[in-house]
Amino acid sequence: MDNSICRYDAPMRGLLEAINEEPIGTAFIVDEEQKVFGVLTDGDFRRMLLNGRSLEQPLSKDDINPSFVFATEDERFEEVLKKTDTKVRVVPILNSEGRLVNYFRYDHNVKMMPVAEPKLNGNEFKYLSDAFLSTWISSAGAYINRFEKDFSEYCGTNHGVAVSNGTVAIHLAIVAMGIGEGDEVIVPDLTFAATINAVLHAGATPVIVDVDEESWCISPQAIKEAVTSKTKAIIPVHVYGQPCDMDAIMQIASENNLYVIEDAAEAHGAEFKGKRVGGIGHASTFSFFGNKIITTGEGGMVLTNSDELNNRMRVLRDHGMSKEKRYWHDHVGFNYRMTNLQAAIGCAQLERIESILKTRSEIERNYVQTLSQYDFAGWQQNIEGNRRVTWLVCVMLNGKDRDNAIKILRENGVDARPFFYQLSEMPVYSKYATKPCLVSSKLSKCGLNLPTIDNVEFERVSMAFQQIAIDNP
Ligand SMILES: Cc1ncc(COP(=O)(O)O)c(C=O)c1O
């Protein structure tokens, strides 16, 4: 940027060099005190030469139109963008003393940075077209078996049952365990609604409990307090990539003869004490929705080590049809099957999961570094013994108005989403909480997710945080 600054009394050659130096074709003309008092473009320069000026002649103040378009440091992305038009493509950004601190260059491709976007740059297209050309485009085919085998092996379980999404994965596991009307299932207050919806669709009664302050995952103490004679299962959610305290949860489950279904929709590849999540409970469920760590577009899987559960889930997934006698139905089942096309994408995604995880944690580290000056920003904890994975980068805005911060981020072209609202706050679910969930309440009001994509423009995020710090005390 410094190279595009030119003194008003420099020879015309200096102006040419300034314009030539940076790819913006613009020089910012400054006075003796480095204060910007004009902007000249390559078009202006061309006109001067055509009017007979020589390269060795100095510029003069008369060459420069003093009413140039500029922006100040505290202006928002949207306001700066409005200052551009077909003629004004570059807007200098000045500090309160009138010195250049940055510039904004209009780019036709400027667009909102999304919170998530799938990375499909491995073998995804190759396997997808292979599945397509094989004509096995429904729910039978080689990629289904391969994806079930590879993903269950990756998580260290004997069986994987691929299904249409992460919500039906939870439903299928609950029904296969024989849980239904009159049974209680303990769920955390801070999770995506799919967790509790699946319990309700199975006809069981969810019991909402609070989460732990450090991990943000379901609190083992709160589970203990919620267990009754009707409790049949616990669904710990490894929320935002953080593994739950599975030792404590499995201990409570074994003391009370309960099933544990890990909801690992947001935590592919995370580990608890050296064991991959999804391989610790009696069953576990994953989502492969487009914003997840690995995706199949829509899709999900249930993992288990139990042969019995595996067999039951396979039957229920396929209309409850007998495996021995086609079109004979022993159960009222569902169509929860995944297609071979989706599984083909999943196989390619799984090949690159470790590099995907590495990139995501680097993105999070960059955010922490870039925003380190803002004391109000709090980050997810790394708990000893846990390999936490970065699903969506989480930031807590302590003492700030979170919703206003999201507005500011969006005005700066940065999409952000609020944390999950607590289940117990929503009228459709509030009756399932027996106690107030204070930790979850605090987290859900302060937290937001930042874009977790390959090309985060940290400068834009930084500009927004500057405004959040000022505007939003
Ligand atoms: C914790 C949790 N459970 C379940 C789901 C449901 O997955 P899906 O959207 O694939 O149905 C999601 C995500 O969407 C989730 O975040």
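This is a predicted model: local features need pLDDT of at least 70, side-chain atom pairs count only at pLDDT 80 or more; totals for chains, interfaces and linings use all residues.
Residues are numbered from 1 along each chain as its sequence is written, and side-chain values use heavy atoms, with hydrogens and water left out.

The protein chain contains 15 helices and 20 strands. Helices (H or I, at least four residues) and strands (E, at least two) are DSSP runs, numbered from the N terminus. The C-alpha trace spans about 95 × 55 × 35 Å along its principal axes. Of the 473 residues of the chain, 54% count as buried; buried means under 20% relative accessible area, exposed over 50%, and partly exposed in between (1.4 Å probe, protein chains only). The accessible surface of the chain comes to about 21700 Å², and 50% of this belongs to carbon and sulfur atoms. Accessible areas come from the Shrake-Rupley method with a 1.4 Å probe, and for residues only the protein chains shown count as cover. Among contacts (heavy atoms within 4.5 Å) between residues at least 6 apart in sequence, 67% join residues at least 24 apart.

S10 (residues 231-234) and S11 pair in the parallel sense over 2 bridges, and Ile234 stands opposite Val260 in S11. S11 also pairs with S14 (residues 283-287), in the parallel sense and over 3 bridges; here Glu262 stands opposite Ser284. S10, helix H9 (residues 246-256) and S11 make a right-handed β-α-β unit. A crossover is right-handed if, with the strands pointing away from the viewer, the path from the first strand over the helix to the second runs clockwise. Because 4 of its 5 residues are buried, S11 is largely enclosed by the rest of the structure.

A polar side-chain atom of Thr167 lies 2.5 Å from an oxygen atom of the ligand. For Asp263, a polar side-chain atom lies 2.8 Å from a ligand nitrogen atom. In the side chain of Ser287, an N or O atom is 2.7 Å from an oxygen atom of the ligand. The protein covers 92% of the 380 Å² of accessible area that the ligand has on its own.

Thr167 lies in helix H6 (residues 166-176). With a relative accessible area of 32%, Thr167 is partly exposed. Not counting residues up to four places away in sequence, Thr167 touches Ala194 and Ala198. Thr167 and Val80 are 87 residues apart in sequence, and 43 Å separates their C-alpha atoms.

The buried residues of H10 are Leu309, Asn310, Met313, Val315, Leu316 and Arg317. These buried residues pack against helix H5 (142-155), strand S7 (159-163), H6 and strand S15 (300-304). H10 is followed by His319, which has a positive phi near 65°. Asp318 lies in the loop between H10 and helix H11 (340-351) and, at 18% relative accessibility, counts as buried. Beyond residues up to four places away in sequence, Asp318 touches Lys323, Phe334 and Arg337.

Glu32 lies in the loop between strand S2 (26-30) and strand S3 (36-41). At 48% relative accessibility, Glu32 counts as partly exposed. Leaving aside neighbours within four places in sequence, Glu32 is in contact with Arg7 and Tyr8. The side chains of Glu32 and Tyr8 are joined by a polar contact of 2.7 Å, while their C-alpha atoms, 24 residues apart along the chain, are separated by 8.5 Å.

Note on methods: Two strands pair if DSSP finds at least two bridges between them. A polar contact is a pair of N or O atoms within 3.5 Å; within protein, one must be able to donate a hydrogen and the other to accept it, and residues adjacent in sequence count only if both atoms are side-chain atoms.
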